[in-house]
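User: I would like to learn how to read a structure like this one. Please take me through it feature by feature.

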Amino acid sequence: MGAHCRAAYTRQMAFRSGFVSIIGRPNAGKSTLLNALLGEKLAIVTHKAQTTRTRILGVLEQPAKPKSKTQPALPPAQVVLVDTPGVHKPSSQLDKRMMQEVHDALEGRDVILFLVDATHRIHEPKPRIEGKSPTPGEDKRALSAAEDAFALSLLRNVTCPVMLVFNKIDLVKREDLLPLITHWSTKHDFAETILISAAKKDGLDTLLDKVVERLPAGERYFPEDQLTDQPMRFLAAELIREKILLYTGEEVPYASAVVIETWEEPGPQRKPRKTDTLPPKLPVTKIAAAIFVEREGQKAILIGKQGTMLKQIGTAARKEIESLLDTRVFLELFVKVKEDWRSKRGFVDELDWRRQLESLSEQQNKKPVQE
Ligand SMILES: Nc1nc2c(ncn2[C@@H]2O[C@H](COP(=O)(O)OP(=O)(O)OP(=O)(O)O)[C@@H](O)[C@H]2O)c(=O)[nH]1
């Protein structure tokens, strides 16, 4: 191998790492894609738009890949995936916070995946005819076109490669995809166009290969076995919120926020004895969480007749938290009213798990040392 070839080979095979943000309109399938790529449920998923409220980071280790017919050899890599809230025009303080999360996710990234729901039809904004009021259908289409334009506007100042990713292709006929691709391709100088179904895990290998191809050489950002930067207590809070989104309707899901108030790790376990006849029980994590809503009426809905709704939410959430933690879980839920909390900047800021983590560690540091 000549000196030039060897240098090229070494450069090509050096470890790669980078941040890859997934952005797109609400319900495009960003969280489903994050979970599918990681093979773990890190982000909650529901059919309701605007489920994700904060940036969620998932760390994926990719092994080296030999050269194939369609792909050059790829070095091993650490792909740090960042799921973001759906891109939407902000109205409340909560919306503003969510959009700030999107803007932050666009800063200093190595690759951006711009996710488009392939089941959405194309709507070019049409000029309004004076004196003629639009039909509800026209209104909806105009809104959809404006939302697409808003999402695209976020890419204007982005300098890293942006990949156009069409999701949910399992729901679309192949012949309907072509006009969609033609339409979107002209909207930005996309580095790649990729078709996937996050739900069916279709096209994900190709997507990852294309991502690794564009990552810079570099060391890992996170230890090899770390899956996320989000501590368990916040993942647990999200699982509770997911069940609220699933089981309640109208305003309640959007007016709800979950805060873990106490979290007690299991104490030391008794060593199994020879005389034990039953297998040892799993240890218990004790969790108390507050669900904040904006009105008394929402509180009543959330609690339900004789507490049935809250019980249903608690049972479903507990089961998922148990499998997340690999312990048994004792979960207590309390519903609290915080009038119009979505418009209160201070409260919205406090909900940010990074903030909560800071104040938890402050409290920890303030605790007197036990003699
Ligand atoms: N059929 C099909 N459904 C999908 C696919 N990907 C996501 N979905 C569904 O689309 C809905 C929205 O998915 P999410 O992953 O929550 O979407 P999101 O973009 O994170 O949504 P926001 O949090 O609102 O921004 C859920 O009901 C998913 O099950 C797909 O590839 N095929």
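User: How many residues of domain 1 are in contact with domain 2?

Analyst: This is a predicted model. Start with the bounds: domain 1 spans 10-214, and domain 2 spans 232-268 + 282-363. Nine residues of domain 1 touch 14 residues of domain 2. On the domain 1 side, two are nonpolar, five polar and two charged. The domain centres, taken over C-alpha atoms, lie 29 Å apart.

User: Which residues is Leu115 in contact with, beyond its neighbours within four places in sequence?

Analyst: Leu115 contacts Ile22, Ile23, Gly24, Ala28, Gly29, Lys30, Leu33, Val165 and Asn167. Val165 is also one of the core residues that touch the most other members.

User: Which residues come nearest to the ligand?

Analyst: Gly29, Ser31, Thr52, Gly86 and Ala199 do, out of 24 residues around the ligand. Gly29 is also among the contacts of Leu115. By class, the shell has eight nonpolar, 13 polar and three charged residues. Helix H2 (residues 30-38) gives the most, with three residues.

User: What does the UniProt annotation cover?

Analyst: The unreviewed UniProt entry annotates residues 286-339 as "domain: KH type-2". In the model, that span is 48% helix and 33% strand. Its end C-alpha atoms lie 28 Å apart.

Notes:
Residues are numbered from 1 along each chain as its sequence is written. This is a predicted model: local features need pLDDT of at least 70, side-chain atom pairs count only at pLDDT 80 or more; totals for chains, interfaces and linings use all residues. A residue is near a molecule or strand if its C-beta atom, placed from the backbone, lies within 6 Å of it. Helices (H or I, at least four residues) and strands (E, at least two) are DSSP runs, numbered from the N terminus. Ala, Val, Leu, Ile, Met, Phe, Trp, Tyr, Cys and Pro count as nonpolar, Asp, Glu, Lys and Arg as charged, and the others, Gly among them, as polar. A nonpolar core is a set of buried Ala, Val, Leu, Ile, Met, Phe, Trp, Tyr and Cys residues joined through C-beta atoms within 7 Å. A residue is buried if 20 or more other C-beta atoms lie within 10 Å of its own, exposed if 12 or fewer, and partly exposed in between; C-beta atoms are placed from the backbone. Two residues are in contact if their C-beta atoms, placed from the backbone, lie within 7 Å. UniProt positions are given in the numbering used here, feature names are shortened, and annotations may be inferred rather than shown by experiment. Domain bounds come from an automatic or database domain assignment.
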